[in-house]
Amino acid sequence: MASLQFHRRKGFQTGALAFAVWMICATGCIRQEYTVSDALTVEGAWDPVFALPLVHGSWTFGDVLEAMEIPGEVAISTQGGVTVTFPFEAFEMRPVEMPALDEGVVSAYLLSTEEAQLLSELPAGQNLDLAWTTNWQWTLPNMTQVDSMWLGAGLLSIEIESGLPMAVQITGTCEGFIDANGNPLTCEVVLDPNAGSSTAVWSTSTDSARLLGGGGAEMGLEWNWSVALVTTGAPVPSGAGISIELTWSEVVVNGVFGQFDGAISHPVSASVELPDLPSWDPAMFQLTQPRLQFAWSNSFGVALGFEIDQLVAHLHDGPVELSGPALENFPGLPAAYAVGDTAYAVHVMENSGTVPPLSSLLTSTPDSLSVSGTLLVNAGGVNQQFATHSDVVKCTGQLEVPLTGWAQGVEWRDTVVTFISQELQAGIASPFDWTDVASVTFRFVVENEWPVGLDGKVWFINAAGDSLVAGPQLIIPGATESVGSESTTMNHIVDFTLEQELALDLLGQECTGVVFDWTLATSGASAGTEVTCRAEDRLTVKMAARVNCEIELNP
Amino acid sequence: MKRIALFIALGLALTGPHLLNAQWAQSSAWMDASPQHLKWRVASQPDFGFVSLGSNGSAMGVNSFFHPASWLRSDGLTASPTLMLEAMQSDFGADNSLGLGMEVEWFSAGKFIGSDRKAFVHLSIAERIDARVALPEDVLTLPFTGNAAFDQVDGGRLDFTGFDANVLHRREWAVGLQRKVLNRGSVGARFKLLQGLHHLALTENSWSLTTDPVDWTWSIQGGGIVQSSGIQSIAAAAQSGQMDSLVGNLAERMGGMHNTGWGWDAGAEWQITDRFLVISQFACGGSITWTNDVATVQVTPYEWRFEGYDASNALNQWDGLADTLSAWAENQWTQLGQLNALDSTDAPYRTSLPNRLNLGVEWELFKRPKRLEFSAAALVEQVSGMPLSWRMSLNQRWFNRVETSVSVGQKFKQSASAGLSVGLPLGPVHVFAAVDGHQIGDWSRIVVDVQGQQSEWLLPTRAPYVAAQLGVTWRLGWRKPQPVSEPVELAPNTTRQPGFGTAMVHRKDLPEPIPCALPGKD
């Protein structure tokens, strides 16, 4: 029995192993066989939808103005308002003249008979001293008070002639003639008994010489002469003496300080050309707030005034003279505070300050402006005035045109080169083909902050620029201004769907670009509503494509 | 037979290498007599000591989404099948992964300590490779939905966070000890010296692509971290055509101790009643510090927008969409560098092992010693980062020799599958085999005929998960069994001394009588 049990167990092991192998073989087998061929059929819809952004662009109003190459400058105010300016230079002048010094004076000391007799009796080698003063005065044009003068290039000559038979040493000092360090001018001349005369010369430019006036109407210099004589024992003739001649020789005056004559006036006449805008169509634009600005700069230490006699706009049809309060209330021009400084003044002629208004002239596209008038010196009449040789009065100006108003009927064409056919064909990779494409939808998304509405048509074109397929009509309203002058953005989405047949047609014709034909009009232009364009107002255009597929699988 | 032979040959060709390496089959957990069950129950003890040399291994394969044979239907009437698109899409779910795991024990041995057989010690050297690639559902369904089917694609957002790639190749030098405690319980632990060989992990991934439903612009958001060790040199060798040189240095590569760490497993079992056993085990604790051939590339979360060709600057030249994408990508890449969003480093890093927690119960249904023992058992397994797995089994031990276990369970939320384990003692050799995932038995042949040129594919029809384990061990202390005398059956109504059907045993080893300690007695 024991042997029987042992063999039973062994038999069970063999049976279990055989059962396991049988189970594996029975359960493990190739149960399906498929042959996938061209005849494969597909059950179920295979219609994926793919979307892809194609082109996008974003333009601020400022960007567009820069791209338009306007012959002017674009200025942006702190509030973001855009103003196109056309600058010009009117005139530049020096109403205060400074003529060169060309004066002279002679001062002589002549001996009387008694003095001659006395000197004749003196033995040789005796020393005698003499002293006297010379007041040298002259007048300056256009000045009622002279405080000081700056001298430029030129010469001061001092010629001394002695008729005395003795050695003469002459020392002259002028306290009102100082150099750059404030030292008064001193000259010393020694004459031998038989020399007769001698001349001393100073170059006024080398010492930056200044003359100190006495504050009167005339310029005056006081020279103090000191003469030392050494007798020779020779007789001195009666009437003999010492003669001194002071002469300015073409000395340039670099500056004068004091007070100028209030009666000085200077005529002004200038003509300014305005920019030529060939594409400007006044019928399409109405800019309502142009203005004319005059900017003055004055480096004279003299207040000035300006009186306009005539301001004329020269149109194609003839001149038009402007008048009105803007011309009458021309402000005075302040004096410069110190030498080297410049004082400024601006006068703006608003649109409403002229008759006729500037806006009406702008519509007539004037060629130029001419202005004539009188520049009045010392209009303020204050003291401590000055004028230097480098001072100038300059008048510039600009025609400022804020982009406020309305426009309509403005046409704008833009071409965006996009190889649509090429890209769409490349986007459909094998084994798929365009028969798997049910439709292609182009989406145009526009976000418009411009106060300008766009009414446009899209055209698909080929490389030659020929129109292939007409695209959608895009009507994008312009932004409107709300309280606080904040613009409201206008969003607009337009879908343009090409069904398979049309899409294939477009592909076959090699579409290489899209043309946008826009007609622009400001918001409410038809009702004459004014809008203001801001530089940061942005127009964003996005173009994307969506491909709806209906795929039929063909292995 | 020809068909069977073909199947076996193909099956071995496809799964043989895995089987030879064979440790993911949960069916083996309740095979108490087989040493292989120690992987699942470190606190348990096999029936015998053992030693093996390169003859134990396991393998696992996961394919949760690519089942082309199940996408076809043949009605038997037409020559070509029908491709069922819905069946194809339904295969693409939240988890779309391909995984492969292999483990081979180069050496293992175990022995009882002491004559009371209460303690058991075992050693092993094993090499293990885990590899997994997961694809996001949105990527797989993209050809069917496109990126602009906003009613099907969540808000136009294609979620790529499901993308994952993970490779972990390590060698384990393990020593384990089990000990019975308190007559009804046992505890065990296994400590491992870990030797990292190759590693690749996508440790962070937050990528997505959103198509704006209004203007159809694209927005790519995301960032991530990729860590690798030992991979760069392979890539460089492949790129420069020097793979032969790399293979020549394979022994050096595989023997280095550059990346090391420590690991551990621990478990406990308790026999609540004579029939009811509960087990628990925490496995794969520990970490590896990677220092060799290390690269960590990090992209800080960022967002890129693609709006097509930028026509804002009229000076830009439109060179076509592909060039626009290229230019855009180049520009974004430059920006990425300028933002310092792209960071690459070769600093060492540490990774934890994928922790596993097992809990199980076994209920003894029937026991006839030396004839049949029959039990039911259940086991749940939680691997970190993976869905819960479970398996229920019926276990048999025949004549106290052959073990079998049939089971059904679900691994990583794949479809349920049946499993079978067999432990077969053949003299001093013990053979063990286990397979989970009965779907591996169903195969399909697909012949693709393109204009007369045919290519043939032989694939499992739908086998989301298959695990196999194969082991051959040498039993220590095995003795050839001797025939046992049958007891003599005595006839009734006999005058002879009655027998009770049991052999009489003369007890010579009875303990000595204890002297009486009561007062008055000697």
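Which residues does His347(A) touch, not counting residues up to four places away in sequence? In this predicted model, the list runs to Leu292(A), Gln293(A), Phe294(A), Ala326(A), Asn329(A), Phe330(A) and Pro331(A). Let's start with that histidine and then turn to the aromatic rings.

**Around His347(A)**

- His347(A) belongs to strand S22 of chain A, which covers residues 343-349.
- With a relative accessibility of 9%, His347(A) counts as buried, because the cut-off for buried is under 20%.
- A polar atom of the His347(A) side chain lies 2.6 Å from the backbone oxygen of Ala326(A), and Ala326(A) is also one of the residues that His347(A) touches.
- Ala295(A) is 52 residues away from His347(A) along the chain, yet their C-alpha atoms are separated by 6.4 Å.

**Aromatic pairs**

- Over all chains, the structure holds 30 aromatic pairs.
- Take Phe91(A) and Trp296(A): their ring centres are 5.2 Å apart and their planes stand at 65°, so this pair is edge-to-face.
- Phe91(A) sits in strand S5 (residues 82-93) of chain A and Trp296(A) in strand S19 (residues 291-298) of chain A, so the pair ties together parts 205 residues apart in sequence.
- Both Phe91(A) and Trp296(A) are buried.
- Ring pairs also link a cluster made up of Trp46(A), Phe65(B), Phe66(B), Trp71(B), Phe92(B) and Phe144(B).

**Charges over rings in chain B**

- Arg117(B) lies over the face of Phe112(B), 4.0 Å from the ring centre.
- Phe48(B) has the charged end of Arg475(B) over its ring, at 4.6 Å from the centre.

Terms used: Residues are numbered from 1 along each chain as its sequence is written. Chains are lettered from A and ligands numbered from 1 in the order in which they are written. This is a predicted model: local features need pLDDT of at least 70, side-chain atom pairs count only at pLDDT 80 or more; totals for chains, interfaces and linings use all residues. Side-chain values use heavy atoms; hydrogens and water are left out. Helices (H or I, at least four residues) and strands (E, at least two) are DSSP runs, numbered from the N terminus. Buried means under 20% relative accessible area, exposed over 50%, partly exposed in between (1.4 Å probe, protein chains only). Contact means heavy atoms within 4.5 Å. A polar contact is a pair of N or O atoms within 3.5 Å; within protein, one must be able to donate a hydrogen and the other to accept it, and residues adjacent in sequence count only if both atoms are side-chain atoms. Rings of Phe, Tyr and Trp (its six-membered ring) pair if their centres lie within 6.5 Å; planes under 30 degrees apart count as stacked, over 60 as edge-to-face and the rest as tilted. A charge sits over a ring if NZ of Lys or CZ of Arg is within 6 Å of the ring centre and within 35 degrees of the ring normal.
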